[in-house]
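Here's a quick briefing for anyone meeting this structure for the first time. Have a look at the model, then read on.

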Amino acid sequence: MLRLSVVGAVLTAMASGNVSGGQLQQIQSQHYPGQAHQPTDLDPTTDPHRLEQQEEARSTERQKRLVADTDKLLALATDLKQQVDKTNKNILSVDVIKKADEIEKLAHSVKERMKG
């Protein structure tokens, strides 16, 4: 009803010559509460196909990161094993402890990403 009133007022004003073409476009582009949006007003990010593509890209990127991190975990664990093999029961290197801590943090990060 409000929209009909606005359109009527615009047409009346145009007939009397009080509204220019630019003003008409400005009046037509205004949105009022409860007014339905025109198809041209839709946000392109709400396009289902585009959202699906974005989700697919995020999923692919997530998988790449998981593969890279698990490869790094394997390399760190292998290195840790070699370092531990070089030590004896009386000597524990600070580097071995740091490496184990790094592995723990990376493993936790991978686990959390796999959950979500």
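How many helices and how many strands are there in the chain? The chain has four helices and zero strands, where helices (H or I, at least four residues) and strands (E, at least two) are DSSP runs numbered from the N terminus. Keep in mind that this is a predicted model, where local features need pLDDT of at least 70, side-chain atom pairs count only at pLDDT 80 or more, and totals for chains, interfaces and linings use all residues. Residues are numbered from 1 along each chain as its sequence is written, and side-chain values use heavy atoms, with hydrogens and water left out.

**The chain overall**
- Reading from the N terminus, the elements go α-α-α-α.
- Of the 116 residues in the chain, 14% are buried (under 20% relative accessible area, 1.4 Å probe, protein chains only).
- Among contacts (heavy atoms within 4.5 Å) with a separation of 6 or more, 54% are between residues 24 or more positions apart.
- The chain's accessible surface is about 9400 Å², and carbon and sulfur atoms hold 57% of that (Shrake-Rupley method, 1.4 Å probe).

**How H3 meets H4**
- Helix H3 (residues 48–86) packs with helix H4 (residues 94–115) at an angle of about 155 degrees, and their axes are 10 Å apart (axes are lines fitted to C-alpha atoms over the stretch in contact, with angles from 0 to 180 degrees between N-to-C directions).
- That angle is why H3 and H4 are roughly antiparallel (over 145 degrees).
- Sorted by class, their contact has 13 nonpolar, two polar and nine charged residues (Asp, Glu, Lys and Arg count as charged; Ala, Val, Leu, Ile, Met, Phe, Trp, Tyr, Cys and Pro as nonpolar; the others, Gly among them, as polar).

**A look at Lys99**
- Lys99 sits in helix H4 and is buried, at a relative accessible area of 15%.
- Leaving out residues up to four places away in sequence, Lys99 touches Leu76, Asp79, Leu80 and Gln83.

How values were computed. Parallel < 35°, antiparallel > 145°, perpendicular 65-115°, else oblique. Buried < 20%, exposed > 50% of the residue type's maximum accessible area, 1.4 Å probe, protein only.
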